[in-house]
Amino acid sequence: MSRTPLRQDAPAWPRALALVPLLTALLLAAPAHADGVPDPGAPHAVSPAPAGTPTGDAGAGKTVFDNQCAACHTATPGRNGFGPSLAGVVGRRAGSLRGYHYTDAMAHSGITWTAPEIESFLASSTAKVPGTAMAVSLSDPKARADVVAWLATLSGPANDAQAAAPAPAPTPVRGGPTQAELLGAARDRASWLYASKDWSGQRYVDLAQITPANANRLRAECIFRTDRSGATQSNPLVYDGVLYFTSEELTFAIDAATCRPRWTHRWDIKDGALSRTNRGVAIKDGRLVRGTPDGWLIELNMADGSLIWQRKIADAKSSQYLSMPPLIYENLIIVGPAGADWGAKNWVGAFDLVTGAPVWRFNVIPDDGEPGADSWPSAEARAHGGGSLWTPFTLDAERGVLWVPVGNPAPDFYRDVREGANLYTNAALALDVRSGRLLWHRQFGPADDHDRDLSQTSPLFSAGGRRLIAIGGKDGLLRVIDRDSHAQLFETAITSREGFDAQPTPEGVHSCPGLLGGLEWNGPAYSPRAHALYVSSIDWCGTFTRAAQPPAFVANAHYYGGAVAPDPADRRKGWIQALDATTGKPRWKREWPTPLTAGIVATAGGVLFTGDLDNNFLALDAATGRTLYRFNTGGSVGGGVVSYEIGGHQYVATTSGVVSGFFGGTGTSAIVVFGLP
């Protein structure tokens, strides 16, 4: 991971010399899989040596080592060169040698240097580790085997010394944000304490230093760029001058003003992982909580990233993974699994903040005898009924009501095997936050066969003496509902809706939105000053087909019952618009050349901040939608965008990098921080 300064005043030769240990460290720094993504089922599995691999000669290997490796590495325990000592390297975990300062990339690579791993690296470091700057290539299989054989003779002393060294004392868990700070998060100018700013999900910050008059003077203050090119959909959090975000199974803490790294934590995937996308963390009382791709809920110390506890709560064997940002209220961590597209049977649950112990659970696909079970034709259909939790929840803390958006049923495109309304899929749920008891629900897409998840139950806001909530999703509609009377104030289309109800057929039907349309993982922003909702959306249609025969559920495989062929990429686009928050009448609307999935920030200064898939960070005039500023971040902008104040200076931070396998994108996962000169 690197922090990229915008000025590099040092002469060239010290920077070049500094690359020597960096390049050496990279030898141990990279992912174990050639595409940079560890195999989900066995992330550090050792591949057997290819048939015919020669037996190594340790004596000959020492000669090769002396010629090729000794300029940077020693073979003496406790004595490092430009690179770490290789005494005891066989079987050693990358980055674990005490007394040597590794790069973050190496320290969190997750590689264990078994003989086959070393041999494949020596064959071609750049093929084994795409992007490494240290070019190593021993084309002779015999020479590689000889080096590995000699390195194996060096095991023992270094490992023994490490085993004898006492483990460092754990860092005390202390600090905030406190319950009071979380309750006041909407008014907090210095922090961004929840995925959508605060529990109401308004994505509004009371900062006015950046205005339409000066936004064109914005500049990038700093860049923190990782070595990861996975999905970048994280919603960063900011507290006490530190910004926290995720990229797949990695969690980062960086200085929110300078991008200097504080710490990095890598979760070692223990089980199968259906998807590695992660959308962020939750923080409280010095504790950071997140889900992992293989279904673990983990808690880290905000001070240093050390693991406090871990609990397995979901499983790929049950077609589940964890991608949503949790919500922490009082002593409860509230979260749920995704995996509907693989035939999961999902739930939302609460876990104790200090111990991780389960407290309550609500089944979004009901069990036998539970309310809603009769909306399914059979227990077998419910066993793989879907209902993903993958986007932020909202919370009315004053009334103790948790609002939950539930995703699509499964199989996605073949509803004949699940005749009925399929509760509680595509429904907005109101739950008692302390018990999980269902208070109210409304389904906004019963018997869905187009994968049109309800993805947003936010923001919560009040107007004209009424408590309101905005609800929307991939169906391309935004509604505002009275939270008390449940009356609907308005419903408006935010993207194209054509052939909407056309059921998939084996021959195929064209319908809008397609698989990727409407609102995805980021919801609208609300400005109490302008009394407006700001909504970005995706306009991308597709042709839906249904399988000729009912689909059979197969573990760890998509449970679709059909497919979608998206329209050509040159026909996809986005919309960004401002709506009156109680009537839905448009104030302005702009068509955009790319789909829009990034978060929107509304500010007291009358500026909106967001981004697009053409790598642009954007500042728009909230009154007109006019573009005030754009900056090419070097990667697609499809994740979170946040704003906060440090030392009297307003900053805006955006994620940047590849968006997803569906949307594509460019760039490694990064954070870019902006401010005025």
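This note sets out numbered points on the predicted model shown above.

1. Overall composition. The chain has 677 residues, of which 59% count as buried. Its secondary structure comprises nine helices and 37 strands. Among contacts with a separation of 6 or more, 60% are made by residues 24 or more positions apart.

2. Nonpolar cores. The largest nonpolar core contains 96 residues, and the members with the most contacts inside this core are I334, F393, L402 and F609. As general background, nonpolar side chains in soluble globular proteins tend to be buried together.

3. Surroundings of F393. With residues up to four places away in sequence not counted, F393 touches Y194, M324, L327, I334, V335, V348, L402, W403, V404 and P405. Two of these partners, I334 and L402, are themselves listed with F393 among the residues having the most contacts inside the largest core.

4. A four-stranded open sheet. Strands β12, β13, β14 and β15 form an open sheet in the order β12-β13-β14-β15, and the pairing is antiparallel. The edges are β12 (327–329) and β15 (358–363), each of which pairs on one side only. On average, neighbouring strands of the sheet are turned by 20° against each other, direction ignored.

5. The pairing of β12 with β13. Strand β13 covers residues 332–335 and pairs with β12 in the antiparallel sense over three bridges. Within this pairing, I328 stands opposite I333 in β13. The F393 contacts listed above include L327, I334 and V335; by residue range, L327 belongs to β12, while I334 and V335 belong to β13.

6. Packing of α2 against α6. Two packed helices are described by the angle between their axes and the distance between the axes. Helix α2 (residues 58–68) packs on helix α6 (residues 141–152) at an angle of about 100°, and their axes are 7 Å apart. Because angles of 65 to 115 degrees count as roughly perpendicular, α2 is described as roughly perpendicular to α6.

7. Residues at the helix contact. From α2, the contact involves A58, A60, G61, K62, V64 and F65, which meet A143, D146, V147, A149, W150 and L151 of α6. By class, nine residues of this contact are nonpolar, one is polar and two are charged.

8. Strands β20 and β21 pair in the antiparallel sense over seven bridges, and F461 has L468 in β21 as its bridge partner. Two residues lie between the strands of this hairpin, where G464 takes a positive phi near 60°. Strand β21 in turn is joined by five bridges to β22 (residues 477–482), again running antiparallel, with L478 in β22 as the bridge partner of G472. This hairpin has three residues between its strands, and G476 takes a positive phi near 80°. Strand β21 (residues 466–473) is mostly covered, with six of its eight residues buried.

9. A buried aspartate. Where does D451 lie? The residue is in the loop between β19 (438–443) and β20 (454–463). Is D451 buried or exposed? Its relative accessibility is 3%, so D451 counts as buried. Leaving aside neighbours within four places in sequence, D451 is in contact with D341, N408, D412, F413, K474 and L515.

Definitions and conventions. Residues are numbered from 1 along each chain as its sequence is written. This is a predicted model: local features need pLDDT of at least 70, side-chain atom pairs count only at pLDDT 80 or more; totals for chains, interfaces and linings use all residues. Side-chain values use heavy atoms; hydrogens and water are left out. Axes are lines fitted to C-alpha atoms, for helices over the stretch in contact, and angles run from 0 to 180 degrees between N-to-C directions. Angles under 35 degrees count as roughly parallel, over 145 as roughly antiparallel, 65 to 115 as roughly perpendicular and the rest as oblique. Contact means heavy atoms within 4.5 Å. Ala, Val, Leu, Ile, Met, Phe, Trp, Tyr, Cys and Pro count as nonpolar, Asp, Glu, Lys and Arg as charged, and the others, Gly among them, as polar. Two strands pair if DSSP finds at least two bridges between them. Buried means under 20% relative accessible area, exposed over 50%, partly exposed in between (1.4 Å probe, protein chains only). A nonpolar core is a set of buried Ala, Val, Leu, Ile, Met, Phe, Trp, Tyr and Cys residues joined through side-chain atoms within 4.5 Å.
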